[in-house]
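Subject: Helix packing in the attached model

Dear colleague,

Please find the structure below. My notes on some helix contacts follow it.

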Amino acid sequence: MYAAVLVAAVVGGGVLLLMRRLFPQKPVKLLQYPAHTMRGKTVIVTGANSGIGKALAGELLKLQARVIMACRDQRRAEEAARDIKEQAGPEQGEVVIKLLDLASLRSVRKFCEEIHQEESKIDVLINNAGIYQCPYSKTEDGFEMQFGVNHLGHFLLTHLLLDLLKRSAPCRIVVVSSKLYKYGHINFDDLNSEKNYDKAFCYSQSKLANLLFTLELARQLEGTGVTVNALTPGIVRTGLGRHVQIPVLAKPLFSLASMVFFKSPLEGAQTPLYLACSPEVEGVSGKCFANCKEEELMAKATDDQAAKKLWEISRRMVGLEN
């Protein structure tokens, strides 16, 4: 068996290297901003202990931002904070760790209460955390896990911070979606997937919900000085796919493929960094970006009526109807 794995890895690696020579990937250009770009600014990053979130927090720290790492796991957040502080150099911002479990509306409310008590302003809110193709499970409040964490948790988080964001204007909200939104639709008849659960569809549905949320929120925030934009980071080497089952013999090949074709977390963090920092998007709202450029979305992601309907249903689901 081990010989077969070795042969598969060697042959597969050769094929991948050949493919890369034949179809070279365009390298991701890392953004360069003056070191003081985010000095005096407070940025909340959800899911900042790993993957894109950790890389993004590290880059913001280098730009002297006050970075609030909103994470579910205290230990992992502390480890990530140590890592990014060690790499940020002597002229860096400040790191604050706060617990946030997006699978618990109680946790979201507690987090927001603490932010209101402790922070005088928020300059950027980055809704980055997510869960991908997990087995069927429910959040503390009974929502299907992917829809609950990826959409509803961030929906409530953003709502509860809106007053502070408006007082902090001009400021920005950044929403991390995915190109996989293309394979989903909003199943208004069964948002919790109780009749049927397809983990791939549910992830796509939640990422489409992110885009519709961005669309409607941008409309409601017109004239407030608060902008909101979404992004699709592409395929990035992170732990997001930990629930995806890969056959044992295919794992070496998959690892090689990810090294060859996937973006690194730092490369994946470039577009959210751009939306958080760049003067080029000052005043821009309700758009979606990929590779630091505006992306054209499918019609289902720009459906005003679906966005409004999802908004009202989401308000009721998280207890904001009044």
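The model is a predicted one, in which local features need pLDDT of at least 70 and side-chain atom pairs count only at pLDDT 80 or more, while totals for chains, interfaces and linings use all residues. Residues are numbered from 1 along each chain as its sequence is written, and side-chain values use heavy atoms, with hydrogens and water left out.

The axis of α2 comes within 9 Å of that of α3 (residues 74-87), at a crossing angle of roughly 40°. Axes are lines fitted to C-alpha atoms, for helices over the stretch in contact, with angles from 0 to 180 degrees between N-to-C directions. Helices are DSSP runs (H or I, at least four residues), numbered from the N terminus.

On the α2 side, Lys 54, Ala 57, Gly 58, Leu 61 and Lys 62 are in contact with Ala 80, Asp 83, Ile 84, Lys 85 and Gln 87 of α3 (heavy atoms within 4.5 Å). By class, this contact has 4 nonpolar, 2 polar and 4 charged residues (Ala, Val, Leu, Ile, Met, Phe, Trp, Tyr, Cys and Pro are nonpolar; Asp, Glu, Lys and Arg charged; the others, Gly among them, polar).

Helix α2 (residues 51-62) also packs with α9 (residues 270-277): their axes come within 9 Å and cross at roughly 45°. This crossing is right-handed. Ile 52, Leu 56, Glu 59 and Leu 60 of α2 touch Pro 272, Leu 273 and Cys 277 of α9. That contact has 6 nonpolar, no polar and 1 charged residues.

Regards

Technical notes:
Helices (H or I, at least four residues) and strands (E, at least two) are DSSP runs, numbered from the N terminus. A crossing is left-handed if the near helix is turned anticlockwise from the far one by less than a right angle, and right-handed if clockwise.
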